[in-house]
Amino acid sequence: MTCGAQFAPSTTPPSRCDVCEDERQYVGWSGQQWGTLDELQRDHINEIREDLGLTGIGTKPSFAIGQRALLVRSPAGNLLWDCITLLDDATAASIRELGGVRAIAISHPHYYSSMVEWSRCFNAPIYLHAADRQWVMRPDDAIQFWSEDIKALWDGMTLIRAGGHFEGGTVLHLPAGAEGKGALLAGDIITPAQDRRWVSFMYSYPNYIPLPASEIDRIVAAVEPFDFDRIYGAWWDRNVASDAKAAVRRSAERYKRALGG
Ligand SMILES: [Zn+2]
């Protein structure tokens, strides 16, 4: 219930959750709690609405980490960027009306959520970076691991392995985003700060563990070859609307100054 990762079906709850027990996450203060998708469908719904020109899908009331996914509508097929735990019939019907899902790509393990349910519902493959293979709590044949630094999709979309928060931390470059100026869909690999003009980068957000300067340089270098004016973060409206590439550069410098390097 804390990280939202779905496990394979079992008659009794799993004994532990690797994602929660990792130092990037935490076990809830009342101890590990388990639930089922059926239960989640009973007391939560998904909201589907526009978020700065893209279609967002998020759960109400907020569940687990509280991220929203983004449905990137594209001529050769829609991409579901990141994922959420709740999938129900109403959500599936709404997304089918928007053209369905050709494939799912996820920035890092905190948003693997119930990706296998989504994959089966839309008959869509799931693209995950192979460096994070150990964090898949529900293995499935639909998962396609990629191990390069970039992976080209369709309509010019590109998955970029940036590292940082997770070894396989991935962002999506969308050349048609931001009215053709380009956008990055960044999960919390590159996180828009509260002022939405700067970004940050963390090893652990809940436990306040920063990244070393070498990882900051790695993230900046990974996105440098791409043109983008906008960054979409992991939560509703947490976006850098414009001038995002300069925001990444100056935020990286600020971060490294704070580290004292
Ligand atoms: Zn995370």
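A nonpolar core is a set of buried Ala, Val, Leu, Ile, Met, Phe, Trp, Tyr and Cys residues joined through side-chain atoms within 4.5 Å. The views below come from a predicted model.

**View 1. The largest nonpolar core has 33 residues.** Leu-80, Val-101, Ile-104, Ile-106, Met-115, Trp-118 and Leu-128 have the most contacts inside this core. Helix H1 (18–21), E3, H3, H4 and E6 each give two or more residues to the core. H4 supplies the largest share, four residues. Met-115 shows how the packing works out for one side chain: leaving aside residues up to four places away in sequence, Met-115 touches Cys-83, Ile-104, Ile-106, Ile-126, Leu-128, Val-136 and Ile-143. A second core of 25 residues is separate; Ala-186, Ile-189, Met-202 and Tyr-255 are among its members. In soluble globular proteins, nonpolar side chains tend to be buried together.

**View 2. Seven strands make an open, mixed sheet.** The strand order is E1-E2-E3-E4-E5-E6-E7. Strand E1 (45–51) and strand E7 (143–146) are the edges, and each pairs on one side only. From one strand to the next, the twist averages 25°. E1 pairs with strand E2 (residues 54–60) in the antiparallel sense, over seven bridges. Within that pair, Asn-46 stands opposite Thr-59 in E2. Two helices pack on this sheet. Helix H3 (residues 89–97) touches E1, E2 and strand E3 (69–72), and its direction makes about 30° with that of E1. H4 touches E2, strand E4 (79–81), E5, strand E6 (126–129) and E7; the direction of H4 makes about 145° with that of E6.

**View 3. Strand E3 is covered on both faces.** Ala-69 and Leu-71 are buried on one side, Leu-70 and Val-72 on the other. In a regular strand the side chains alternate between the two faces of the sheet. E3 pairs with E2 in the antiparallel sense over three bridges. Ala-69 is the bridge partner of Ile-57 there. E3 also runs antiparallel to E4, joined by three bridges. Here Leu-71 stands opposite Leu-80 in E4. E3 and E4 form a hairpin with six residues between them. Gly-77, in the turn, has a positive phi of about 135°.

**View 4. Three histidines coordinate the zinc ion.** The donor atoms are NE2 of His-108, ND1 of His-110 and NE2 of His-165, at 2.2 Å. Their spacing in sequence is H-x1-H-x54-H. His-110 and His-165 link distant parts of the chain, 55 residues apart. His-110 sits in the loop between strand E5 (103–105) and helix H4 (115–122), and His-165 in the loop between E9 and E10. Are these two residues buried or exposed? Both His-110 and His-165 are buried.

**View 5. Helix H5 (residues 213–223) has six named buried positions: Glu-215, Ile-216, Ile-219, Val-220, Ala-222 and Val-223.** Why do these residues lie on the same side of H5? They cover an arc of only 160° around the axis, so they share one side of H5. Their cover includes strand E9 (158–161), strand E10 (170–174), strand E11 (183–185) and helix H6 (244–259).

**View 6. Six strands make another open sheet with mixed pairing.** Their order is E8-E9-E10-E11-E14-E15. The edge strands are strand E8 (150–152) and strand E15 (239–240), each pairing on one side only. Strand E14 (residues 230–232) pairs with E15 in the antiparallel sense over two bridges. The bridge partner of Ile-231 in E15 is Val-240.

View 7. Most residues other than glycine have a negative phi, and most peptide bonds are trans. Lys-60 and Pro-61 are joined by a cis peptide bond, with omega about -15°. Which of buried or partly exposed describes Leu-52? Leu-52 is partly exposed, at a relative accessible area of 30%. Ala-178 counts as buried, at 4% relative accessibility.

Methods
Residues numbered from 1 in each chain as written. Predicted model: local features only at pLDDT ≥ 70, side-chain atom pairs only at ≥ 80, totals over all residues. Heavy atoms only, no water. Buried < 20%, exposed > 50% of the residue type's maximum accessible area, 1.4 Å probe, protein only. Arc of directions from axis to C-beta. Contact = heavy atoms within 4.5 Å. Donors = N, O, S within 2.8 Å, 3.2 Å for Na, K, Ca; no water. Pairing = 2+ DSSP bridges. Axes fitted to C-alpha atoms, helices over the stretch in contact; angles between N-to-C directions.
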